[in-house]
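Here is a briefing for someone meeting this structure for the first time. Please look over the sequence and the model before reading on.

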Amino acid sequence: MNNVILASGIALFIGLLGTPLWIRLVVRLGYGQMIREDGVATHLSKRGTPTMGGTVIVVGSLLGYAGAHLITWTTPTISAGLVLFLMTGLGIVGFVDDYIKVFKQRSLGLRSRAKATGIVVVGVIFAVGCLQFPNEMLITPADTYLSFLRDFGPNIGPYLFVVWALILIQGVSNGVNLTDGLDGLASGTVGLILAAYVIIGNWQFRQSCAQSLEPHCYWVRDPLDLAVVAAAVLGACFGFLWWNAPPAKIFMGDTGSLALGGVLVGLAITTRTQILLAILGGLIVLITMSVILQVGWFKLSGRLLGQNKRLFKMAPLQHHFEMSGWAETTIVVRFWLICGLCVATGVGLFYLEWVPK
């Protein structure tokens, strides 16, 4: 438990102090955010705001995790290493995407095929690695089953598992990217979900089958160290949020959204809570669905009615409320409240099987 507190504290400190240093560097280099001309009109004033702030989150998380283990002189685990690899790998893909945007001064960075290829390569390495490295009880970081509160259903095999992992990685990282449309929205949302994974990892450690073969024990490798990872990224997110809160002094960019999407999927897979993530991240699902419904109805109405219609004034969902006259801070705080309810529901479901009957 000391590692959880240390990792979070170190990462928070780095996020708080490192972000303004990164802002100065980005301003000096002239790397400002590009804003789409066809977006929300009020966002045009944000043009030139320093971006790629996700770099601070990734570095802060890595240093927070490593620092905690150095101080307590404990050994890092393979499960945590794989999750941090996924976060860092996707962060690098996002960094290249952001760099192209600011270097060429355009709103689009990497070509979609190149970006997808980078995500797939990192994702496959992660997924394959999760099926290796059994511990003394032959528990690997992940296995070839779907999971909700724990594993369930038939064995889907290693090939389908890799495909499933790639679907999760692509879906969640894009979902976090869509959520990152308003100041502080994505970093605050992901921070709340990470807090849930600190609780989940700690509880799984206390009820681990490696310690006691109780009826509801968890066959999860390295659950406490996964809580340390979640705490480290949580600390880095909150340190960054101090500067990203409205009005934002810096944006996380694709560097942050891809990295944070990766760490959420990594934690969901290694803690055997893949489908539970859809509840914990209910706000991200809602925002993603708003885009899917908007695009789908736009195309379908054109074919059926001969005129393209929109369900929302603008997608993702947060921009619909902006176009409806809501203040940005009002939307962010209310969406945080929705996220908090989703996280509370998810954690409640996680504990449900332990409620005395």
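Which residue just after H2 takes a positive phi? Tryptophan 73 does, with a phi of about 55°. This is a predicted model, in which local features need pLDDT of at least 70 and side-chain atom pairs count only at pLDDT 80 or more, while totals for chains, interfaces and linings use all residues. Residues are numbered from 1 along each chain as its sequence is written, and side-chain values use heavy atoms, with hydrogens and water left out.

**Helix H2**
- Helices are DSSP runs of H or I with at least four residues, numbered from the N terminus.

**Isoleucine 92**
- Isoleucine 92 lies in helix H3 (residues 78–104), and it counts as exposed (over 50%) because its relative accessibility is 51%.
- The C-alpha atoms of isoleucine 92 and leucine 160 are separated by 26 Å, although these residues are 68 residues apart along the chain.

**Helices H6 and H12**
- H6 (residues 185–206) and H12 (residues 328–352) pack at an angle of about 15°, with their axes (lines fitted to C-alpha atoms over the stretch in contact) 9 Å apart.
- The two helices, H6 and H12, are therefore roughly parallel (angles under 35 degrees) to each other.
- Residues that meet (heavy atoms within 4.5 Å) include Leu185 and Trp203 in H6, and Phe335 and Tyr351 in H12.

How values were computed:
Buried < 20%, exposed > 50% of the residue type's maximum accessible area, 1.4 Å probe, protein only. Axes fitted to C-alpha atoms, helices over the stretch in contact; angles between N-to-C directions. Parallel < 35°, antiparallel > 145°, perpendicular 65-115°, else oblique.
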